[in-house]
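Welcome! Open your viewer, and let's take a short walk through this model together.

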Amino acid sequence: MTIADFSRRWQEGRIPSVGAIMKKPKTIGGVAAARIDALMREESKAYAEAHPKSRAAAGSGINGFLFGHPMHWMADWPMPFPFLVKTASGASITDIDGHELDDFCLGDTGSMFGHSPPPVARAIRRQARHGLTYMLPDEDAVEVGSLLVDTFGLPHWQIATTATDANRFALRVARAVTGRDRILVFNGCYHGTVDETFVRLVDGKPANRPGLVGEFRDLTARASVIEFNDIAALEKALAGQDIACVITEPVLTNSCMVLPDPGFHKALRALTRKYGTLLLIDETHTISSGHGGYTRTFGLKPDLFVLGKPVAGGVPASVWGMSDDVASHFRESEKRREAGHSGMGTTLSANPLQFAAMRACLSQVMTPKAYARMDRLAARLAAGLEDSIRRHRLPWHVSRVGARVEFICAPGPLKNGTEAERAHAPALEHAIHLALVNRGILIAPFHNMMLISPATRKRQVGRLVSAFDDIAARLAA
Ligand SMILES: Cc1ncc(COP(=O)(O)O)c(C=O)c1O
């Protein structure tokens, strides 16, 4: 159902019940479906009444855009229609109807260091007077090179514009260097819209991820998929010595959050080395872990490293780095490559605006001091949510990676992508998200993810915990 449909049905008093959508299961995530249904109805009504301006402008979709959305993910919000943003600053977002929300979504990590961090905003203003793109380096580029090496530990870097592209380019290098064409991913992964990573275990068997638009290839021809935390399956998959690269997040964050078992990363590194496979760590979300990401916080030693989203404080930019060893093999393979387009790079990448913003972000915003504060507040948030879940006797749990906290409407901890998929409770989660919005709190629409930025205040965390508690009480009553 599109937002326009939803809006029309709401106006006609015909919002479909969760029970109807879910073929009437009695409970979802340990909560009676009827109760979720009632919450969704009430909150949808309250939301629509509270957002007359957004409703007038976007209630039936935004004119001129395909299906009414500038980008299709904007249809994934749980609200009957999205609100239009007037301004965002620090960890707050204000809509055109005058509601100020505590923002824990933070652009799904793109703004995880706060909206328009002042040093980044100043750098953007300064650079705007000196040109926005010219395909040449400047003095900020010289600084950024050193900052990347110092912050993340790898010696050789490239700039791209999205994490998707950075992953795609890093995988090309992995293939060029190893002379192998297969990659390996973990079930439930997401690395952006990198085609070859869209594979899943369906009933235990590798298959294209369901739902891909226009995909015509059998992606499993070049990609293996196994469960996260399954060391035996990993060794079996790598032993054939045909895998160029394992690409993984250090923690699976793109389904319900799955933490690595103790020893998993050690085994992953040892086995990839043993069988001549490169290891690409995608830190795009786990950069929440601490300064230098999960890699630095937990001493991982990847061959390739990718970070997108917040690296330039919200300006589109990504970085990908490699070890000395990979770089020297890549140099050798470049000598053998026939003349022609490498298949890597995009015109606007490594532009001066990115360099200015990245320099400011890496040197003044993503600091160890900022991380220490983020971590403390995230621990406070996780403890508050856990307490609420316990008091209301809900069969849920909370997971945390540094400044990233998630509540999961199922018992935990989760071990792999299959368990994470099963733990998802979309109807229940949507009702909770919408009820949070009506209580002045925004969390990510795709997962139950809540990010703490350096700009997030203790009182905002307090408001989130008490709004969550209020909703949990309603659901558990
Ligand atoms: C781990 C990870 N890698 C890569 C990406 C892709 O980022 P982008 O959409 O900015 O290309 C995402 C997006 O959510 C992600 O979660």
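A residue is called buried when its relative accessible area is under 20%, exposed when that area is over 50%, and partly exposed in between (1.4 Å probe, protein chains only). Helices (H or I, at least four residues) and strands (E, at least two) are DSSP runs, numbered from the N terminus. You are looking at a predicted model, where local features need pLDDT of at least 70, side-chain atom pairs count only at pLDDT 80 or more, and totals for chains, interfaces and linings use all residues. Residues are numbered from 1 along each chain as its sequence is written, and side-chain values use heavy atoms, leaving out hydrogens and water.

First, select helix H5, residues 118–128, whose buried residues are Pro119, Val120, Ala123 and Gln127. They lie on the same side of H5, because they cover an arc of only 95 degrees around the axis (taken from the directions from the axis to the C-beta atoms). On the face turned away from that buried side, find the exposed Pro118 and Arg125.

Next, select strand E11, residues 243–248, where 6 of 6 residues are buried. Strand E7 (182–186) pairs with E11 in the parallel sense over 3 bridges; pairing takes at least two DSSP bridges. Leu184 has Val246 in E11 as its bridge partner. Val246 is in turn bridged to Leu279 in E12.

Finally, pick Cys361, which is buried at 0% relative accessibility.
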